[in-house]
Structure formats: C-alpha cells, structure tokens
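Thanks, everyone, for making the time this morning.

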Amino acid sequence: MKEGPSPSPSTYEAVACDLCGADDPAPLHRGPDRQLGGQEQFTLVRCGQCGLIYMSPRPADLSPYYPPDYAPFDEAKRKATNRISAYLRARDERALRSLVGRAGRVLEVGCAAGDYLLALRERGWEVTGVEFNDHAAVIARQRGLDVRTGDLLDANLPAEAFDLVLLRHVLEHVPSPSATLIEIHRVLAPGGKASVLLPNYDSLERTLCGAYWHGYDLPRHLFTFTPGTLIEMMGRAGLSVHRVHHTYVPTSYVWSVRYWAQAHGHTALARFFRNDNLLAIGLFAPLGLLGAWAGRAGRMRIVATKV
C-alpha cells in the first residue's frame, strides 16, 4: 500500500457526541487508513450516554484524505463501477419513484460527478446536487447538472423545495450529521422523503470481518451508525422513519478481505479481491444474502418522512 498523509497531532480535534451532546466517550476501535495506507492510527469511540459511534479525536482538515484518485472522483474508477451498477441504478429509480409516487424534485447530497443524478434525470426527475469536492462538482456541471459546491449547510437551498433527498454513503462523512438532517428537514416539502444509505455497524459483515471491515473506512467515516442511533438522530430532526431496508451488497466483504490480505503481505490475494472482480464478488454472495435475510446486512437504507 502507498503511504498516506501524516498530519501532526496538533491538527486533531476532540469532539462531543453529535446525537446527545455528551462528552463521555469510551474507546471502541483503533485502526489505520486501509484505503490510502500510511502508519497513522485513528480511534472510534462510543458515547457512554446514547451509544453513538464516532471518531474522536479527528483530523481538523480532512481534505488530504480525499485525493484526486479517490474512487467517486476518479474517471477510470467511476467508469468501471458504472458498468456494474447500471442495473442497480435502474432498480433504485423504480424504488424511489414508488416512494414519491412520481418522478419529482430530487436533491442528492454528495453527488460526486453526478452519475446517479444523470440516470434520474433521464427518467424524468428534476435533479439538483450538492458536492463538497470542487473537482467532482465541476465535472457534474460540465455534464449540464445543477450542482452546488460545498456543504449542504452552506448551499442556501430554498425551503420545502424537494420531494426527495438522497444521501448515498454520505452522512457518515459529514462533520455533523444531526445538523445535516435538520437542514434536510428544512428543504423537504411537506410529506417529503429522505433516503439514507450507509454502513451498518450491527451487521454480520462487521462481526465476521472484525478490524478489517470496509465499513470503518477511517478517517473518512467520521461516524459509524447502528439502526438505532440513526433512527434516533433522524427523529430528533423531525424525520419519521418508516422503513429500514438491509441491502444485499457483497462487495464490502471483498474489500475487507483485500485489506486483510494487504495487511498480511498476501499481494496476489489482494489483487484478486477487487470490487470489479465478479468472481470475487460471487464468492461472498451467500453471506450477503444471509445478512440481508437476517436483518444484519453490512449496508442499510433508512427512509423517513418529513413530519
């Protein structure tokens, strides 16, 4: 693995719980940046009052951990992923249409270069995006999409402007998920829906993969949610949860085994376990199905309604 950035200790900041405000953390997990490499170690803690899992202390500047070749921003990696995910996007669109009842006004927070928004626009949706990475946002705008650069909290979007807000592997990255959810409540039309997809700490996948679980993704994932902590946070923001869907996605197993192989010097094995290797993905299909069936999948999609 290539060496990653190594900020000095002075660039770290301790934070309180974003759910209940308590400053009562207990160490839970410590590990490196397995995606970019390097010797730096990061610590996840669990709030002693409400159980929220979050990183503290955390880097004050996270930009070095999102390099230009970070997968959602890299053109070659996006094309490889798109070949696999085209079918999944079509399936997702049908599910989203059933939530709203029609192709309505949708906001995607963390839209990267806009691949998902383009697919929705082609199917009749009125689309808007917010993306914190300037390079990715520029690409999205060059594709004719209305995408604002920056954080949702700074986007100054109009109130009650959207029927649906999507966050796909985004909420765990933001400095304050609670503030983000409150802003989502503000921009949603009455009765509008929010759909949040992210890793599930209470999963069979995390139990089996242990310290090498892909869902940790330190230090980019500032928060690691369970269904309970996310439902509680959404409720406090005025979003009433009515669906928790455990998704069948075996690729996280592939990444986790890749991390284990890299850590133990098994270079050939690490090359085999890639998220674009259909054979490697197929090996973990039974475990992915088992987790989804048992309600303990590695990824969960929680849908809530503005109340």
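Predicted model: local features only at pLDDT ≥ 70, side-chain atom pairs only at ≥ 80, totals over all residues.

Let me begin with helix H10, whose face turned away from its buried side carries the exposed residues Pro286 and Trp293. By buried I mean under 20% relative accessible area, by exposed over 50%, and by partly exposed anything in between, with a 1.4 Å probe and protein chains only. Helices (H or I, at least four residues) and strands (E, at least two) are DSSP runs, numbered from the N terminus. Residues are numbered from 1 along each chain as its sequence is written, and side-chain values use heavy atoms, with hydrogens and water left out.

Coming back to H10, which covers residues 285–293, the buried residues there are Ala285, Gly288 and Gly291. Seen down the helix axis, the buried residues of H10 fall within an arc of 130°, so they line one face; the arc is that of the directions from the helix axis to the C-beta atoms.

A cavity here is a set of points, on a 1 Å grid over the protein atoms alone, where a 1.4 Å probe fits but cannot get out, whereas a pocket is an open set with protein on both sides within 12 Å along at least five of seven lines, and lining residues have an atom within 4 Å of a point. Grid points are joined across faces, edges and corners, and a volume is the space filled by probe spheres set on the points. How many cavities of 30 Å³ or more does the structure hold? There are 3.

The second largest cavity has about 50 Å³ of space, and H5 and H10 are the elements that give two or more residues to its lining. H10 supplies the largest share of that lining, 3 residues, and among the lining residues are Leu287, Gly288 and Gly291.

The largest cavity holds about 90 Å³, and of the 13 residues that line it, those closest to its centre are Pro32, Arg34, Tyr216, Asp217 and Leu218. Strand S2, residues 25–32, gives the most to the lining of the largest cavity, with 3 residues.

Turning to the open spaces, the second largest pocket has a volume of about 240 Å³. Of its 15 lining residues, Asp92, Ala95, His245, Thr247 and Arg301 are the closest to the centre. Helix H1 (75–100), strand S12 (239–247) and strand S13 (299–306) each supply at least two residues of the lining of this second largest pocket, with H1 giving the most, 5 residues.

Now to the rings, where the structure holds 9 aromatic pairs. Rings of Phe, Tyr and Trp (its six-membered ring) pair if their centres lie within 6.5 Å, and planes under 30 degrees apart count as stacked, over 60 as edge-to-face and the rest as tilted. Tyrosine 54 and phenylalanine 223 form a tilted pair, at 6.3 Å centre to centre and 35° between the planes. Because tyrosine 54 lies in strand S4 (residues 53–55) and phenylalanine 223 in strand S11 (residues 223–224), this pair ties together parts that are 169 residues apart in sequence. Tyrosine 54 is buried at a relative accessible area of 0%, and phenylalanine 223 is buried at 3%. Phenylalanine 223 also forms a stacked pair with phenylalanine 225, at 6.2 Å centre to centre and 25° between the planes.

Finally, the backbone. Most residues other than glycine have a negative phi, and most peptide bonds are trans. Here, a cis peptide bond joins serine 56 and proline 57, with omega about -5°, and proline 57 is found in the loop between S4 and strand S5 (58–59). Leucine 218 and proline 219 are likewise joined by a cis peptide bond, with omega about 0°. Which side of the cut-off does alanine 112 fall on, buried or exposed? Alanine 112, which has a positive phi of about 55° although it is not a glycine, counts as buried at 14% relative accessibility. Histidine 169 also has a positive phi of about 55°, but histidine 169 counts as partly exposed, at 26%.
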